[in-house]
Amino acid sequence: MENTNTDRETLRELADEGNETAWNRLADLADAAGDLEELSELLDEGCTHAGYLLTRRAAAVGDLRQLQRISDAGYDEAGSELERLLKG
């Protein structure tokens, strides 16, 4: 377990330094753990992969409000998905 925490800490450090691959890996780990809060935080920090993962989850359950929030956070594809669902 400690190795995983160290791994996440290292990924976070790399992401904070601008490493997009580390950011994407953090998003993948959060998605696998079902940690929507961390995914949302990553999206708010500008991680487009987190936006993709959140959009996929929200669209699968038809969560229109979540899609709007993701779109407002800057992930444009969520807005497109929202429009598609609204049009039926």
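This is a predicted model: local features need pLDDT of at least 70, side-chain atom pairs count only at pLDDT 80 or more; totals for chains, interfaces and linings use all residues.
Setting aside residues up to four places away in sequence, glutamate 38 touches Arg8, Leu26 and Ala30. Glutamate 38 and alanine 27 are eleven residues apart in sequence, and their C-alpha atoms are 7.8 Å apart in space.

I turn now to the other salt bridges. The structure holds seven of them. In one, glutamate 45 pairs with arginine 12, the closest N and O atoms being 2.8 Å apart. Glutamate 45 lies in the loop between H3 and H4 and arginine 12 in helix H1, so this pair ties together parts that are 33 residues apart in sequence. Both partners are partly exposed: glutamate 45 has a relative accessible area of 39%, and arginine 12 has one of 24%.

Another salt bridge joins arginine 56 to aspartate 31, with 2.9 Å between the closest N and O atoms. Here helix H4 supplies arginine 56 and helix H2 supplies aspartate 31, 25 residues apart. Arginine 56 is partly exposed, at 40%, whereas aspartate 31 is buried, at 13%. Salt bridges with shared partners also join Arg12, Asp16 and Glu45 into one network.

Next, the nonpolar interior. In soluble globular proteins, nonpolar side chains tend to be buried together. In this model, the largest nonpolar core has 20 residues, and those with the most contacts inside it are Ala27, Leu39, Leu42, Leu43, Cys47, Ala50 and Ile70. The elements that each give two or more residues to this core are helices H1 (2-16), H2 (20-33) and H3 (36-44), together with H4, H5 and H6. Which element gives the most? That is H2, with five residues. As for alanine 27, its contacts beyond four places in sequence are Leu39, Leu42, Cys47, His49, Ala50 and Leu53.

My last topic is helix H6, residues 76-87. At 1.5 Å a residue, its twelve residues should span 16 Å, and the end C-alpha atoms are 17 Å apart, which agrees. Within H6, the residues Ala78, Gly79, Glu81 and Leu82 are buried. They cover an arc of only 160 degrees around the axis, which puts them on the same side of the helix. On the other side of H6, Asp76 and Lys87 are exposed.

What covers the buried residues of H6? The cover includes helix H4 (48-61) and helix H5 (64-72). Leucine 64, in helix H5, touches Leu82, Leu85 and Leu86, not counting residues up to four places away in sequence. Leucine 64 is itself partly exposed, with a relative accessible area of 35%. Between leucine 64 and leucine 26 there are 25 Å, C-alpha to C-alpha, and the two are 38 residues apart in sequence. Finally, H6 is followed by glycine 88, whose phi is positive, near 80 degrees.

Thank you for your attention.

Note on methods
Residues are numbered from 1 along each chain as its sequence is written. Side-chain values use heavy atoms; hydrogens and water are left out. Helices (H or I, at least four residues) and strands (E, at least two) are DSSP runs, numbered from the N terminus. The expected span of a helix is 1.5 Å times one less than its number of residues. Buried means under 20% relative accessible area, exposed over 50%, partly exposed in between (1.4 Å probe, protein chains only). The arc is that of the directions from the helix axis to the C-beta atoms. Contact means heavy atoms within 4.5 Å. A nonpolar core is a set of buried Ala, Val, Leu, Ile, Met, Phe, Trp, Tyr and Cys residues joined through side-chain atoms within 4.5 Å. A salt bridge is a side-chain nitrogen of Lys or Arg within 4 Å of a carboxyl oxygen of Asp or Glu.
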